[in-house]
Amino acid sequence: MRELTELFRQWYGNPPAHMERMAGAGSNRAYYRLTAGDGRSVVGVVGTSRDENHAFISLARHFAKRKLPVPHVLAVSADELRYLQQDLGTRSLFDVIRGGREAGGRYNQMEKRLLARTIRELPNIQIRGARGLDWSCCYPQPEFDADSVLFDLNYFKYCFLKPTDLDFHELKLEANFRLMAKDLTSETGNAFLYRDFQARNVMLSRDNKPYFIDFQGGRKGPFYYDLASFLWQASARYPDRLRRELIAEYYDSLKNYTEVPTMQHFTERLSLFVLFRTLQVLGAYGFRGYFERKKHFLESIPPAIENLRELLCQNDFPYPYLVEMLQRLTELPQFAPPKETVVKRADGYKTTDLNIYDANPKDGPATFSKYDGKGPLVVRVFSFSFHKGIPEDESGNGGGYVFDCRSTHNPGRYEPYKQLTGLDEPVIRFLEDDGEILTFLDSVYHLADAHVARYIQRGFTSLMFSFGCTGGQHRSVYSAQHLAEHIHKKYGIEVRICHREQNITQILSPLTPSPL
């Protein structure tokens, strides 16, 4: 490491006081943290490929000029086999969200916010980073094209598929590979394709701003690829709902940088790139795992196969032989999912040993409510005056919500409405023309929908919503009536309405069995 130490001395003026090797992943390059006597540190990189190093150095300098969040290159050796770059610390996104990953995909709100912030930053480097970029610096090729697609698909075939001993017709498979390559390259891709965009390659600053590293394999190409690479990373175990939320975050952010296709077209194209990326990473896992015997890559194969299994179930890809062959691949004994077994507990409840989430050791044993499975759910909705107190919960559950409507415009302040209620057309028109009550109820609907749906799923029997205002006459009556009708229409369950101060009661009878 004499050459790297000398490069540090030339840049800093003195040799490093301390030098330690950093943990690597799949790359053949070696990383070192070099620390000066004053505590300042940089990352030293020793590569085996001048062209690969040249690509990173050129891209990093270009991105730095574009004010993008990447490490600055500080010094480069004459042969470009060694260079120094800004030390972005030790907090990678991969490490910070470890808890959600180890909990089988149960990411908490902080982890979700970090993922959303990262995914919203991706179009910045993809679109702004592509502007004015000299693509000839990219390694090993400047553009994502059909040849590169076929190379990766054959990498999957030779390094993963063949070692499984699955029987397949090679000519039919090659024909489908060519069709896929044509489809993947059918749209012009003028973005910077990061290629290895994953949580390990995102470093977080102290204020959790994401910085991107290890983009030396990037090239000109379609922006779908990186989104697929990130969200379907096998070891991350992002649940479908979180994936959908992050796709929406990315799509919304992308609009700030370029014209976007319709959401339907976007998701259809994304699915195709997810399939391609899944096959590509299986090829890498096969080579690194089966041939190089690296434990991390062997452990990544089962979740990648599960990604493939779900993908085939959710999409109808136009490659009949490839799909049929992949279905058989996922059914091989070494990749088969655990069989579901139903267990009848002593208390009469049934459960299975196949859970969508693995238990976290910190969760402790599961418990069940005595109200589980009773059903059907009856929702009670009240309007009331705060001067006369909040309605009592007669069910004994103590569950539900109390909403304060007094922040909205009060029609009771105006003479024409003083003798009317929130059920009367003039008051309804006043409130809806004003609009404040509609914004208020929109938030209430989102909250109520989630709660009602969950209570129906669990077989709970009672849920209560109460709306209060000054006199229990206008705003609270309007809100209670509209929430009750909303729940009844959407879920078809029994809803009991009580406008307490108006001595009005109503029962909305169940329509059909709950759709949940």
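Glu-436 is partly exposed, at a relative accessible area of 39% (buried is under 20%, exposed over 50%, partly exposed in between, with a 1.4 Å probe and protein chains only). Keep in mind that this is a predicted model, where local features need pLDDT of at least 70, side-chain atom pairs count only at pLDDT 80 or more, and totals for chains, interfaces and linings use all residues. Residues are numbered from 1 along each chain as its sequence is written, and side-chain values use heavy atoms, with hydrogens and water left out.

Glu-436 sits in helix H14 (residues 436-458); helices here are DSSP runs of H or I with at least four residues, strands are E runs of at least two, and both are numbered from the N terminus. Helix H13 (residues 425-434) supplies the largest share of the patch, 3 residues.

Now the cysteines: the whole structure has 0 disulfides, meaning pairs of cysteine sulfur atoms within 2.5 Å. Cys-405 is buried at 0% relative accessibility, and its closest cysteine sulfur, in Cys-469, is 6.1 Å away, too far for a bond.

As for the backbone, Tyr-139 to Pro-140 is a cis peptide bond, with omega near 5°. Arg-293, not a glycine, has a positive phi near 60°, in the loop between helix H10 (263-291) and helix H11 (295-314).
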